[in-house]
Amino acid sequence: MIQIETNKTPKCELEIKKQWCKGCNLCVAACPRSVLALDLLGKIKVVEAEKCIACGLCESTCPDFAIRVIKNA
Amino acid sequence: MSFDVMDYFRQETLPHIWCPGCGNGIILRDFAVALERLNYPRDEVVIVSGIGCSSRAAGYLNFDTVHTTHGRALPFATGIKLANPNLKVFVIMGDGDSSAIGGNHLIHAARRNIDLTAIIFNNNIYGMTGGQFSPLTPRDKKATTAPYGMIEQSFDICRLAEGAGATYVGRATTYHNQLLTQLIIDGAQNPGFSLIEAVTHCPTSYGRRNGMASPSDMVRWQKDNAVWIDKVRAGKAEVKDGQFTIGLLHRHEAPEFTQAYMEVIKRARGQE
Amino acid sequence: MRELAEVRLMQGNEACVQAALDAGVRFFGGYPITPSTEIAEGMAEKLPALGGKFIQMEDEIASIASIIGASLAGVKSMTATSGPGFSLMQENLGYACMTEVPCVIVNVQRGGPSTGRPTAPAQGDVMQARWGTHGDHPAIVLSPWSAQETYTLTVKAVNLSERFRTPVILLMDEVVAHLREGVRMPDPRQLKLIERPRPQGGRENYRPFGGALDEVPAVADFGMGYRCNVTGLVHDDVGHPSGSPQVTNDLIRRLSGKVEAHRDEIIDYELTQTGDADMVIFAYGSTARTSLRALKLARAQGLKVGMIRPTTLWPFPEKAIEEVAERGIPILVPEMNLGQLVLEVERIAKGRSLVQPLSRVDGELFNPDEILEAVKELKPVKSRKSSKKEGI
Ligand SMILES: Cc1ncc(C[n+]2csc(CCOP(=O)(O)OP(=O)(O)O)c2C)c(N)n1
Ligand code: SF4
Ligand code: SF4
């Protein structure tokens, strides 16, 4: 089963499927607010959730469908 | 962006086989977004692909899908479309697949103006076989079969398609996501042969050999070298050596093949 | 659509067109090549009035690709070609085997290799029809000897391709293709036509590539809502690519198994005066026409000659040879090639019968006298027992 990790940010929920992350760093480079980073194992993690502006760039940049940005209603 | 692209995938087939940072997944996602917006009845959509890393895209999508033989996706798609013109047929091909081994089929599908939407995943290299040059590898770039640099002239596949008769031609990159999605939508709605070149990046077989070590270097390269066609046409930008245009590059109207064949049926039945 | 039984004077190629239409073929993709072109021309003229589709593709690779595509969309499909085009088709022929897509490929043989003799008869593609595409795969190959039989075997080819979800090859030769003779065609409504097995249940249980070793799984047309993946890679029962040794083994064995297990349903041959024969001619296609003449001449001279004429070349009609070999009767195998199907005859005879090839590769038909001479030179082998001892 794929585990989904949910991270609350001020404007959205960042859903992350760590198992699908291949550690390419594209989302980290794309994020304008440095919300994301790679952990020691080279998998994506949310480091500064409160800075997230819910722009969705990480979601559309990730080639592995590992991030989903669900904007607050 | 609240819908879940996963809705369009055969999730049991994921994660996909592509390398870390490979641009193919980005295009695939943009394609799924385009399908969501196009909102065709899902059972009427058929996705056909050739052989190559990029062509594995078809199998991940939850539609009727065909992974054909190297270079031959278009004639397979032609048979499907002509046999049942109600189907919405998309064709996914790599740059080598579509322009080398499948080059003849490409020009003839364009010439017939058959209602297919072709998406070319252009990573400038043969990815699946490990980095040999393709007809779209730029001059002087390195490949395993051009270890001293590419000496052949490369194709501009968009101009090739236009010259052969395609009625809708556009280009975007994996960096220019929204443009890519829009081109796929408009291309699908064009009643005729549409070709969308998606410039993508193959960090494994192309980037490493050509001074772009990381996927983000490659995406930056796309960002820096893509020039919007509208700006060029308005005289606000120029295309320097090594750069390329993006946007809707060409469009014209012409009779579509399967519709024209309906007229043949009428004539043969003496109805006209 | 024809509505009555009728007799018409027609060429083999024309009979092929009419039979295909009567059998429900509604898609033809092709590329012109002598001596098959009349088939494409006939299809271009006749398909549209029936609501069918004809397309002239840019080459033969595209032709076979287009008919596989059309068949995936649920339409009975056909292409026709000759040697050079048949060579180009080989990769996608294997694709059709692997993906279990019904379709019919007509190869009107010409003299080869290469461009060879475009308008001369030959039978040099017998082994290519069996083994031309790479890898182990099933093959159903039928070969007519007359315009009349071209009609019946074309219908049979379409039916077998649907029945077994596999490409079927109709192997003609130039003489049969261009010979004009009376063809008796039944009322098409009386023809027994077969449709590919289509799924009954829901999408959850859809296994278009599954089943037992001898099974032909049901397949949905594109657009029916079953959303299936079709790939030439080794795939599991739902169509996903697989690298599993078990899945690979099961698939490759079933592809051939589904045809092999039903040999009796597929194989047909005609026996002429073999009952009392003490020598037999094994011949197919237009060579069998000359052989029949030679047989009559031989009989008139008091020689007890019989003939086995297979209309199914692959799977090879082993039983027909078995019966003759058991009796130790010598077998003459005239072919317009350097000896192809004769190797199969030898394989089955296992030394029990003398098997004598007779070749012609000059682009001319055999004449009855040369076959008669060869028959006369046949000498029955010693009894079965002694030949076995010799082997020890
Ligand atoms: C007839 C044939 N020739 C060669 C190959 C080997 N082959 C597989 S993929 C490929 C090239 C793929 O390059 P491209 O089309 O650019 O797609 P990419 O892998 O880069 O996405 C080749 C040569 C093949 N499968 N079939
Ligand atoms: S873009 Fe996707 S695969 Fe790459 S590091 Fe980020 S989450 Fe992982
Ligand atoms: S080899 Fe290149 S194109 Fe193929 S999956 Fe890897 S990065 Fe992508």
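In the class counts below, Ala, Val, Leu, Ile, Met, Phe, Trp, Tyr, Cys and Pro are nonpolar, Asp, Glu, Lys and Arg are charged, and the others, Gly among them, are polar. This is a predicted model, in which local features need pLDDT of at least 70, side-chain atom pairs count only at pLDDT 80 or more, and totals for chains, interfaces and linings use all residues. Residues are numbered from 1 along each chain as its sequence is written, chains are lettered from A and ligands numbered from 1 in the order in which they are written, and side-chain values use heavy atoms, with hydrogens and water left out.

**Ligand 1**

- Residues from chains B and C surround ligand 1, so the site is shared between chains.
- The shell has 17 residues, and B:Cys53, B:Ser54, B:Asp95, B:Asp97 and B:Gly127 come nearest (near means a heavy atom within 4 Å).
- Helix H4 of chain B, residues 95–101, gives the largest share of the shell, four residues (helices are DSSP runs of H or I with at least four residues, strands are runs of E with at least two, and both are numbered from the N terminus).
- By class, the shell holds six nonpolar, eight polar and three charged residues.

**Polar contacts of ligand 1** (pairs of N or O atoms within 3.5 Å)

- A polar side-chain atom of B:Ser54 is 2.7 Å from an oxygen atom of the ligand.
- The side chain of B:Asn123 places an N or O atom 2.9 Å from a ligand oxygen atom.
- B:Gly127 uses a polar backbone atom, 2.8 Å from an oxygen atom of ligand 1.

- The lining has 35 residues; B:Pro138, B:Ser154, B:Gly242, B:Gln243 and B:Phe244 lie nearest the centre.
- Chain B elements that each supply at least two lining residues include helix H6 (157–164) and strand S8 (244–251).
- The lining divides into 14 nonpolar, eleven polar and ten charged residues.

**Second largest pocket**

- About 640 Å³ of space lies here.
- Of its 27 lining residues, A:Leu57, A:Ser60, A:Thr61, B:Tyr175 and B:Asn177 lie nearest the centre.
- Among the elements that each supply at least two lining residues are helix H2 (57–61) of chain A and helix H7 (177–189) of chain B.
- Ten nonpolar, ten polar and seven charged residues make up this lining.

How values were computed: On a 1 Å grid over the protein atoms alone, a cavity is a set of points where a 1.4 Å probe fits but cannot get out, and a pocket is an open set with protein on both sides within 12 Å along at least five of seven lines; lining residues have an atom within 4 Å of a point. Grid points are joined across faces, edges and corners, and a volume is the space filled by probe spheres set on the points. A polar contact is a pair of N or O atoms within 3.5 Å; within protein, one must be able to donate a hydrogen and the other to accept it, and residues adjacent in sequence count only if both atoms are side-chain atoms.
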